[in-house]
Amino acid sequence: MPSARHNSLWSARHLFALSSVLSLVGCYDLSLSNYAGVDGGQDAEIVGDLSSVVNDYDSGGGANVAETAVPLSDSSGPIAPDVGSDVPLDSGTDTGTDGGAGTGGAGGMDALVPNGGAGGTTDAGGVGTGMADAAKLSDAAVDAWNTPGDTAPEAPVAAACGGPSEPCCAGGACTAGGCCAGNTCVASGATCPSGGTCAAGSCASPASLSASVLSLEFDPFVVGQSSNVVSFTIMNTGQRTSGAITVSPDNAEFAVQSGSAGDCLSGSTALAGNAACTVRVVFSPTLAGARTGTVTFSATPGGSASVSMSGTGVCPADQLDDGTGACVPMVGVIWTQTGKSNYWTSVASSADGTKLVAVTNGDYIYASVDAGATWTETGTSNAWTSVASSADGTKLVAVSHYLVGDHYIYTSVDAGATWTQRGTPLGWWAVASAADGTKLVAAGYGYIYTSVDSGATWKQQGATPQYWWAVASSSDGTKLVAAVGGVGASGYIYTSGDSGATWTQRGTSQNWKSVASSSDGTELVAAGYGSSSGNTPGYIYTSVDSGVTWTQRGTSQIWSAVASSSNGTKLVAVASGGYIYTSTGFVP
């Protein structure tokens, strides 16, 4: 407590300090520099919400005794505590220089309030320590607590906004490219509450492209024609707009269409958030068989995805797949008459179909080197029943009739210019040659025989005795085909995959007259009479599965013989008492 000699001064000083504080609260233009120590280090400090005066007011030379807090009030009663947004009045350092007993040092300076606090001293002199300047004012209190005579309202101080985790400013603005999400700013690049990333002032999720399907499958369609349109949708599942979308098929058979409303135009269409466009595709097969492709689409931003395409190309009704996907005219659709009319009994072809040889019953052997356009008489007249050719058309083999002929096998190594008699006379009716002309197969009434030395020697094979009317060989001589027929006889076609050691019955029973094979033994052609009595019109039949199934071709004729090129695409047939016919196309 103050000493007795200062009792009269205490109340006046206390009231002066209190009035100074109220003046400070009222407006910023009052100077506090006049509040100096009167008797050794008298301090008053402004703190908190101005609801009290801090109790650090003591008399010089006396004990440091805390004073009782004095509530603030005005003529209308106690002043309510500050509840507004507070702004510090003084952030300076309040250090003064001791002026000796009774004289306080100058207070520190503040940017808002000049001389923000009074300087202090110590009883013994020395450097004074300023009062703590933590006082704050609310916006409302600034205007409510004006000092009489100062009628100018104080400018309110705006609260902080726009920074990360701070409230959004007016209009939802945030600083440094931040995003306003739920009235709170999110820093640029940070994760938004929605899960997206703040970018360019927006928390919207980035563009992301996807397709409505993973694959499109087209119905089988004819080669060279175009299918109906099949479509899928590209969607932007993000909230931001994508870049221009590029749509790229990797197979021209699956062509992307344009020109309809809503189409995804490659290189120009950009999708807004949650928007979509349509990709329309047409399938135009260029080859037969399974066709596949992929349509890829991408955008930046937006990413990329793809849809797989599949379809099947089919050949037109009058064409067939040649094994590579190309469609060629069907066998037997078109036949061209060539040569002269004769009683032709057999015909053979080189591998490329250009060199042909044909024989007659009771006439000469005839050869052609231009696919049958012209023919040259060769050899001697005989009752020829069958002829065969090597792959290059230079090595030939022929057999004569077992009843009226001389019953021998004949071979030629100069395309038929000269002939050599081979083997022993037997009931020969049919003969065939491997590609090299050294492996031969011959048959007639009874058994089937093979030779591996161009006919010099022969070996009987395992087929049972039959009226073997025709035989044919693959290029290597391991796959053989033989047919049963003749006047008054009917039977089946038989195939062997072990050079004649064993045989398997194929097809249906008919009066077969002739068979021929492709080089690999899978494509076969056969011709026969229309009845077991012989000399009645019949058809040509073809097979692509080594004789397991057969398809009727050509027109009804009394066919005597047929022959095939190595790949089965070129055929030649002769009619008894008629003409020679040729056909190009794949054996179905």
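**View 1. Polar contact between serine 386 and valine 431 in the predicted model.** A polar atom of the serine 386 side chain lies 3.1 Å from the backbone nitrogen of valine 431. Serine 386 belongs to strand 22, which spans residues 376-389 (strands are DSSP runs of E, at least two residues, numbered from the N terminus). The model is predicted: local features need pLDDT of at least 70 and side-chain atom pairs count only at pLDDT 80 or more, whereas totals for chains, interfaces and linings use all residues. Residues are numbered from 1 along each chain as its sequence is written, and side-chain values use heavy atoms, without hydrogens and water.

**View 2. Surroundings of serine 386.** Serine 386 is buried, with a relative accessible area of 6% (buried means under 20%, with a 1.4 Å probe and protein chains only). Beyond four places in sequence, its contacts include Ser346, Val359, Trp429 and Val431 (heavy atoms within 4.5 Å).

**View 3. Lining of the largest pocket.** Strand 22 and strand 26 (428-433) are among the strands that each supply at least two residues of this lining. By class, the lining has 21 nonpolar, 20 polar and 1 charged residues.

**View 4. Confidence along the chain.** The protein chain averages a pLDDT of 73, and 69% of the residues score at least 70 (pLDDT is the predictor's confidence in each residue, from 0 to 100). Residues 1-76 have pLDDT below 50, and this stretch has 139 contacts in the model beyond near neighbours in sequence. Over residues 79-146, pLDDT likewise stays under 50. Where pLDDT is low, predicted coordinates should not be read in detail.

Technical notes:
Helix = DSSP H or I, 4+ residues; strand = E, 2+ residues; numbered from the N terminus. Buried < 20%, exposed > 50% of the residue type's maximum accessible area, 1.4 Å probe, protein only. Polar contact = N/O pair within 3.5 Å; in protein donor to acceptor, adjacent residues only side chain to side chain. Nonpolar A, V, L, I, M, F, W, Y, C, P; charged D, E, K, R; others polar.
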